[in-house]
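Please examine the structure shown below before reading on.

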Amino acid sequence: MKIAYYPGCTLKTKGKSLETSALACMTALGIEFEELVRWNCCGAVYSLADDDLIHVVAPVRDLVRVQQAGHDKVITLCSMCYNTLARANELMRTDEEKRKTINDFMDEEPDYTGGVEVLHFLDFLRDEVGWDRVKEKVTRPLAGLKVAPYYGCTLLRPKEIAIDRVDKPEVMHDFLQALGAEAVDFPGAIQCCGAYQVLGNPEAALKVSHDILSDATAHGAEALALTCPLCDYNMSKRQDKMLQQYEGAKEVPIYYFTQLMAIAMGIPIEECHFELNRESSVQLLKAKNLVAG
Amino acid sequence: MSVVPQEESTATVETKMVPIYVMGKRYEVPATLTIMKAIEYAGYKYIRGCGCRGGVCGACSTVYRKPGDYKIYTGLACQTVVEPEMYLTQIPFYPANRATYDFAELTGTPDEINRLYPELFRCVACNACTKVCPMDVQVMDYIAALKRGDIKAAAEISFDCIQCGLCASRCMGELPQYHIAQLARRLNGAYLTPKAEHLKTMCANIEAGRYDKGLAELKGMDLQALRKTYQEREMEPATAGEDWTPQDRSYL
């Protein structure tokens, strides 16, 4: 049976390189998937206010759509969407009173009790595809490429929805190794990139993003792989500002994890939409003879 | 109801009356009337908030409730038949800001809509807009499509919108959905839909005088000849296939 796929809004516009590269990889792996016919924005961030139930309505509605389409699992690519959907799902599973309130409010939809399993592509690869099958499909191992796996917050926190150990995650390390790259673990991998602070306090966000990249390069990484369009915005799109502002700041190529996977699987480079990355991203791949130069 | 004496008539007509509440005041109205006619029957006179009386102009939105039911119901007054004990009011207009733009300067990108209607992103997917739409448009779904930049999908989903504004009246994010959808349809029509190339050829043919002779012939006919020509014209049969062509191919 096909598995349901929830894209998220950003993956249809500014973050489309995450989607196109991932879908090409899924096809190469023989994973049968279908994008939900009806879906709405997940809300992009899970509300921290305990009683702010109106912001849980959007993700729950998406989970209802998954069930309506006849699925019990859904794959996400954007880690913000993963976090929002998984936390809403957790709330619907565990809090009977809030579940009733939300179901009563959404009286035009069937009641939802948490029957859908929300997956991120990474834990789907680890648990349902397996690294061996990934390795089999690698035609151009990323040999000699030293990549720091960056998780940020949303794949690992809170622990109820974490796809891996919160303090010492390994999934992306194993993923990069399966692609033939050298995974460079570093403490900053689980630090916050600054997220939406970029709007209210852009300097503070720039500082933490810079700290993460410095930490990665200090540990020997020459590039960084991530899963989230907002992390990408803070660390890739704002990197020029870092380079101007911080003495000793180094250019760090940034990739969506799926772009590296696509390159390793010999998928045509157009599917990666590298025009949305920093120029250094393609340059590094060329220097390593991983793409035609 | 009064009954006409037997010897003066062969049929009796009873008009069943039902109570309705217009802005909270009770009126007895014939059960078969539309809301619009019932309001007129009750003595109100429309000077606005009543347009086509045919269910397409969007001027006569009604909001009503039924006893013992928490649901909000809506309809077009000119199309919806009264129900006993309904509480109703007309919402002929609902204020909703419409962005000002020079259409010729737009190109049909999602960012243009985001810039003109930044409130788009205040949608929390509560779905109140869809529930209140008298045309059953999936309003929330087209707003969701626009949030992900899919102007074409928004244009298609919102196609049946009659701009009544009820969606905007219920929106907790204060979106003017119907104005945003109109922009989406305009952008889709002007910039995102393939141009009809054959139209260009046709216009060029007309301008080059290809049909001048035929038109001059028609103009020169008297009424009788014109009528005869019309009646004897060759018509495409209803069951004609894709490859059908007329006998007279001089204008093809």
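A:Leu155 is buried, its relative accessibility being 0%; buried means under 20% relative accessible area, exposed over 50%, and partly exposed in between, with a 1.4 Å probe and protein chains only. This is a predicted model, in which local features need pLDDT of at least 70 and side-chain atom pairs count only at pLDDT 80 or more, while totals for chains, interfaces and linings use all residues. Residues are numbered from 1 along each chain as its sequence is written, chains are lettered from A and ligands numbered from 1 in the order in which they are written, and side-chain values use heavy atoms, with hydrogens and water left out.

The loop between β5 (146-149) and α7 (171-178) of chain A holds A:Leu155; helices (H or I, at least four residues) and strands (E, at least two) are DSSP runs numbered from the N terminus. Leaving aside residues up to four places away in sequence, A:Leu155 touches A:Ser79, A:Tyr82, A:His120, A:Leu122, A:Ile161, A:Ala162, A:Ile163 and A:Thr227, where contact means heavy atoms within 4.5 Å. The loop between β5 and α7 of chain A also contains A:Pro158, which is joined to A:Arg157 by a cis peptide bond with omega of about -5 degrees.

Most residues other than glycine have a negative phi, and most peptide bonds are trans. A:His273, although not a glycine, has a positive phi of about 45 degrees. A:His273 lies in the loop between α12 (257-264) and α13 (279-287) of chain A and is buried, with a relative accessible area of 18%. In chain B, B:Arg53 has a positive phi of about 55 degrees and is not a glycine either. B:Arg53 occurs in the loop between α1 (35-41) and β3 of chain B and is partly exposed, at 39% relative accessibility.

Chain B is assigned domain 1 (14-90) and domain 2 (103-192), with bounds that come from an automatic or database domain assignment. The contact between them takes 11 residues from domain 1 of chain B and 9 residues from domain 2 of chain B. About 680 Å² is buried between these two domains, 65% of it on carbon and sulfur atoms; buried area is the accessible area (1.4 Å probe) that two parts lose on being put together, summed over both. B:Ser61, B:Ile72 and B:Thr74 supply 48% of the area that domain 1 of chain B buries against domain 2 of chain B, more than any other three residues. B:Ser61 belongs to strand β3 (residues 61-65) of chain B and is buried, with a relative accessible area of 1%.

What joins chain A and chain B? Between them, 18 residues of chain A are in contact with 17 residues of chain B, and about 1400 Å² is buried, 51% of it on carbon and sulfur atoms. The interface of chain A and chain B has 5 salt bridges, each a side-chain nitrogen of Lys or Arg within 4 Å of a carboxyl oxygen of Asp or Glu. B:Lys131 forms a salt bridge with A:Asp107, the closest N and O atoms being 3.3 Å apart. Helix α2 (residues 54-68) of chain A gives 6 residues, the largest share of the side of chain A that touches chain B.
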